[in-house]
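Biologist: Hi! Could you walk me through this fold, one piece at a time?

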Amino acid sequence: MEITIRSVSESDFPQLIDLFKEFAIFEKHPDKMVNSIERMMQEKEFFNCFVAETNDGKIIGYATYFYSYYTWSGKSLYMDDLYVTPNFRAKGIGSQLINKVIDFARTSNCHKVRWQVSRWNQQAIGFYNSLGATIDDVEWNCDLLLSR
């Protein structure tokens, strides 16, 4: 099966919402997934994503990202999520998605790509280490929800 990695389009939002829910369950936090197609449409100018699509049009993975600025390193890209559905894991799709993000960061003159990984996700930690990423245990997430 051929997989295409491409930029997101608005018509992808319904499939992506389902994958966001699936990812929230995988991360053991289904209650935190409060996004909706309506919200995505209203906020689409802030949504950056690459999708992995089968030749029959099914989205089976995605990587979301946004620009950030870190005082110690400058312009950077933050990869918020990298997710591939279970039936398509270990086929190189996650590698294709993250490499697309990394290549995009390079061509955008970013100095760094940053993302997070759950401490329990040893498979992902091994994958990220194989890319040469530095994984530390220094910082913790601080979330202040402004709306549900």
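Modeller: Happy to: we'll go through the sheet, the helices, the cores and a few single residues of this predicted model.

Biologist: Great, let's start with the sheet. What is the strand order?

Modeller: The sheet is open, has 5 strands and runs β1-β2-β3-β4-β5, with mixed pairing.

Biologist: And which are the edge strands?

Modeller: Those are β1 (3-7) and β5 (112-114), and each of them pairs on one side only.

Biologist: How much are neighbouring strands turned against each other?

Modeller: On average by 25°, with direction ignored.

Biologist: Can you show me one pair? In what sense do β2 and β3 pair?

Modeller: Strand β2 (residues 48-54) and strand β3 (residues 59-70) are antiparallel, with 6 bridges between them. As an example, V51 has Y62 in β3 as its bridge partner.

Biologist: Nice. Now a helix: which strands does α3 lie across?

Modeller: Helix α3 (residues 93-107) lies across β1, β2, β3, β4 (74-84) and β5. Its direction is at about 165° to that of β4.

Biologist: What about α1? How do I check its length?

Modeller: Helix α1 (residues 13-26) has 14 residues, and at 1.5 Å a residue it should span 20 Å. Its end C-alpha atoms are 19 Å apart, so the model agrees with that expectation.

Biologist: Which residues of α1 are buried?

Modeller: They are F13, L16, I17, L19, F20, F23 and A24. These residues cover an arc of only 165° around the axis, which means that they sit on the same side of α1.

Biologist: Why would a helix put spaced-out residues on one side?

Modeller: An α-helix has 3.6 residues a turn, so residues three or four places apart point the same way.

Biologist: What covers that buried side?

Modeller: The cover over the buried residues of α1 includes α2 (37-42), β2, β3 and β4.

Biologist: Let's take I37 then. Where is it, and which residues does it touch?

Modeller: I37 lies in helix α2. Leaving aside neighbours within four places in sequence, I37 is in contact with F13, P14 and I17.

Biologist: Is I37 itself buried, partly exposed or exposed?

Modeller: I37 has 30% relative accessibility, so it counts as partly exposed.

Biologist: Changing topic: how many residues are in the largest nonpolar core?

Modeller: There are 22, and M79, I93 and L97 have the most contacts inside it. At least two residues each come from β1, β2, β3, β4, α3 and α4 (122-130). The largest share, 6 residues, is from α3.

Biologist: What does M79 touch?

Modeller: Not counting residues up to four places away in sequence, its contacts include A63, T64, Y65, I98 and W115. There is also a second, separate core of 15 residues, with A24, M40, V51 and Y62 among them.

Biologist: You mentioned T64. Is T64 buried or exposed?

Modeller: T64, in strand β3, is buried because its relative accessible area is 7%, and buried means under 20%. Among its contacts beyond four places in sequence are F47, C49, Y78 and D81.

Biologist: Last one: is R106 buried or exposed?

Modeller: R106, found in helix α3, has 60% relative accessibility and therefore counts as exposed. K28 follows α1 and has a positive phi, near 70°.

Notes: Residues numbered from 1 in each chain as written. Predicted model: local features only at pLDDT ≥ 70, side-chain atom pairs only at ≥ 80, totals over all residues. Heavy atoms only, no water. Pairing = 2+ DSSP bridges. Helix = DSSP H or I, 4+ residues; strand = E, 2+ residues; numbered from the N terminus. Axes fitted to C-alpha atoms, helices over the stretch in contact; angles between N-to-C directions. Contact = heavy atoms within 4.5 Å. Expected span 1.5 Å × (residues − 1). Buried < 20%, exposed > 50% of the residue type's maximum accessible area, 1.4 Å probe, protein only. Arc of directions from axis to C-beta. Core = buried A, V, L, I, M, F, W, Y, C linked by side-chain atoms within 4.5 Å.
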